[in-house]
Structure formats: structure tokens, C-alpha cells
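Here are a few exercises to work through with the model open beside you. Try each task before you read its solution.

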Amino acid sequence: MGELFHNQRTEAEPEGPKVRRLGKNLGAVISGVRVSGDLPADHIDVIRTALAEHKVVVFENQFHVDDAVQYAFAQRLGTPTLAHPTVHSTGRDRLVIEGAANAWHTDVTFVDRVPKASILRPKVLPPYGGATLWANTVAAYEALPEPLRVLAENLRAVHSNDYDYAEQGQSKRTNFGSREEFVRVPFETEHPVVHVRPETGERSLLLGQFVKKFVGLRAYESSELYRIFQERIIKPDNTFRWDWKYGDLAIWDNQGTQHYGVSDFGKHERKLHRVTLAGPVPVGVDGRPSRVLSGDASEYSVIDTPRPLVGFRGDAAAIAED
């Protein structure tokens with residue numbers, strides 16, 4: 001009933017995009033925009049630049065947005081992928097997320113063409129809890145002490161959709177389908193741990209819950225190194241939290257962040273709809289791209305080739321103006 005009521009509200013004509021920073025390392029609210037598939041090019045440029053600089057941007061009071069508008073808006077920002085490489089039971093254009101992932105991850109890193117961004121909006125919210133957290137993997141890389149930075153730049157990791165749920169402390173069901181559907185096609189990809197982002201030239205740590213092992217290392221060595229890097233990624237001062245409201249719509253830079261859906265809402269329902277944008281194949285500091293070990297993701301997504309982002313200033317310049 002909440003969405004139906006809000007959709008009937010009258011809304012003032014937007015005045016043009018304004019970006020308000022919410023944290024030093026990531027997070028911003030964009031106001032003055034009525035999300036749609038026919039936004040002018042200058043609005044899209046502001047959104048793309050804000051996303052590159054802040055990694056997560058949120059629009060509020062977008063009560064008019066339904067699945068069709070969300071998808072049309074996504075098309076203005078890039079090329080939508082299928083909902084998921086293996087999970088199609090909730091539809092092929094958008095993924096219905098029920099519950100919360102309650103694990104830090106970057107979406108779909110088990111394929112070679114890692115999505116560049118996702119667009120998420122709530123459909124059903126619990127009466128309390130259910131926030132989403134994000135962590136900036138670019139800032140985490142930049143904060144590494146030199147010995148760990150050199151090590152990370154020389155590591156490659158195998159990512160798989162058939163990871164150990166028991167070790168992650170999760171149930172046999174994902175938050176958008178059964179484990180059987182999730183792993184029905186096995187995917188494994190070897191990614192550089194540090195990849196160079198084509199739009200901005202930034203370097204980012206590419207890790208998260210789909211990491212199976214580091215190439216050339218023993219299982220216990222992989223486990224300890226993963227813990228060390230992840231602890232630095234998810235430090236509280238490197239994170240941003242959003243408590244969802246009806247009318248919200250969030251976009252995050254998938255190759256520059258990890259995220260975590262907080263499962264603190266008991267048995268209440270939490271449902272969100274996600275549209276994902278195609279991304280490039282990550283390339284390491286040494287110029288070597290990711291390598292497919294198993295699975296073919298060509299049906300799931302095209303390989304996007306982003307152009308350098310004109311006007312991107314980077315975090316230091318943005319902070320200097322605040």
C-alpha cells in the first residue's frame with residue numbers, strides 16, 4: 001500500500017541535478033532529478049561523474065519509478081545485462097532480491113566481464129532494519145601500506161559461483177533463489193587482485209565472497225591473505241550505510257565497491273529490484289586481463305568498453321572543494 005499511496009503524490013518539477021556528499025570515502029545524494037529514460041545528456045553526465053567520484057549515489061522521492069522506468073533509466077547509463085548469469089526464475093531483465101545477502105561481495109565476479117554498476121530500488125521494506133552497506137575498494141587500495149600494495153598488485157585470485165556457503169556462515173539458499181539454481185552452470189574466473197579502471201585510471205581491489213583462492217598459494221595462505229585485505233576494505237571509515245525508504249533508488253559502482261545487505265529485520269519481508277549494467281574485463285597493473293577458467297558469460301552480458309570519463313577529478317580534488 002505504501003508504494004501505491006506514494007505514486008499518487010504530486011511532485012514539483014526538478015530544478016536540475018545537485019550532488020551532496022555524505023562521506024569522505026563514498027556516498028552522495030543527487031537531488032533535482034526525476035529519474036527516467038529520457039533524461040537530458042547533461043544530467044546523465046552529472047550522474048556518471050558523481051558515481052565515479054562517490055562510488056554510491058542515491059536518489060530520493062522517486063515514487064513514480066516502476067520496473068519499466070528503472071530499466072529505461074539503466075539504458076541511459078549503459079547496457080543492461082541479463083538479471084543474472086544463472087538465476088532466471090525472477091525474470092531475465094531484473095533480479096528480485098528477497099531477504100539480504102549478509103556477506104561482503106562485489107556482484108558477479110565469477111564471470112570475466114564484471115558488471116560496472118547496479119541500480120537498486122525497494123519494493124517491500126521491513127518495519128525496521130534491512131539497510132545496505134558499501135565499502136570503497138579504490139580507497140582501500142590507496143590506503144594499503146607499500147608492502148601490501150606491492151603484494152596485491154602481483155596477486156591473482158580465482159572467483160567462483162560455487163563457493164562454500166557453510167564457510168561463509170550462510171544457508172543453502174541465496175537471497176534471490178536456490179543454491180541449486182545459483183550453481184547450475186559452474187563459473188570460475190581468474191582476476192587480478194588489483195585492476196586498473198578504464199574510466200578513471202584508478203586502481204581497485206577486486207575481492208569479495210566469491211574468491212575461492214589466490215593463484216599459486218596454499219589454502220591456508222589464501223584464507224589468511226583474504227582476511228587481511230578484506231579487513232582493510234571494510235574498515236568502518238571506508239564504508240557508507242543507507243537505510244532504505246520507499247521512493248529511494250541507488251546506483252553503485254560495482255567495480256569500485258563491495259556491498260552488504262544487513263539481515264537485521266527478523267522474519268519481516270524485504271524485497272528489492274536490481275538492474276545491472278555491463279562492464280569491462282578487468283585488467284591488472286601488469287596489463288594482463290582476467291582469464292576464464294570455466295563457463296561462458298556471453299549470453300549474460302556484452303563486454304563494455306568504457307570511455308575515459310571527461311571531467312573526473314578524483315577524490316583529492318573533490319575533498320579539497322568541500
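**Exercise 1. Aromatic pairs**

Find how many aromatic pairs there are, and say how the rings of Phe110 and Phe182 are arranged.

Step 1. Rings of Phe, Tyr and Trp (its six-membered ring) pair if their centres lie within 6.5 Å; planes under 30 degrees apart count as stacked, over 60 as edge-to-face and the rest as tilted. By this rule there are nine aromatic pairs.

Step 2. The ring centres of Phe110 and Phe182 are 5.8 Å apart and the planes stand at 70 degrees, so this pair is edge-to-face. Phe110 sits in the loop between β4 and β5 and Phe182 in helix α7 (residues 179-182), so the pair ties together parts that are 72 residues apart in sequence. Helices (H or I, at least four residues) and strands (E, at least two) are DSSP runs, numbered from the N terminus.

Step 3. Now take Phe182 with Phe210: their centres are 6.2 Å apart and their planes at 20 degrees, so the pair is stacked. Phe210 belongs to the loop between β12 (203-205) and β13 (211-214), 28 residues from Phe182.

Step 4. Phe110, Phe182, Phe187 and Phe210 form one aromatic cluster. Buried means under 20% relative accessible area, exposed over 50%, partly exposed in between (1.4 Å probe, protein chains only). Phe110 counts as buried at 1%, Phe182 at 2% and Phe210 at 5%.

A note before you go on: this is a predicted model, in which local features need pLDDT of at least 70 and side-chain atom pairs count only at pLDDT 80 or more, while totals for chains, interfaces and linings use all residues. Residues are numbered from 1 along each chain as its sequence is written, and side-chain values use heavy atoms, with hydrogens and water left out.

**Exercise 2. Helix α2**

Is helix α2 largely enclosed or left open?

Step 1. Count the buried residues: 10 of the 14 in α2 are buried, so the helix is largely enclosed by the rest of the structure. Among them are Ile44, Ile47 and Leu51.

Step 2. Check the length. The expected span is 1.5 Å times one less than the number of residues; for α2 that gives 20 Å, and its end C-alpha atoms are 20 Å apart, which agrees.

**Exercise 3. Strand β10**

Which residues lie on each face of β10, and which strands pair with β10?

Step 1. In a regular strand the side chains alternate between the two faces of the sheet. Glu188, Glu190 and Pro192 are on one side of β10, Thr189 and His191 on the other, and all are buried.

Step 2. β7 (residues 156-160) pairs with β10 in the antiparallel sense over five bridges, and Ala157 stands opposite His191.

Step 3. β18 (residues 291-294) also runs antiparallel to β10, joined by three bridges; here Glu188 stands opposite Ser294.

Definitions and conventions: Pairing = 2+ DSSP bridges.
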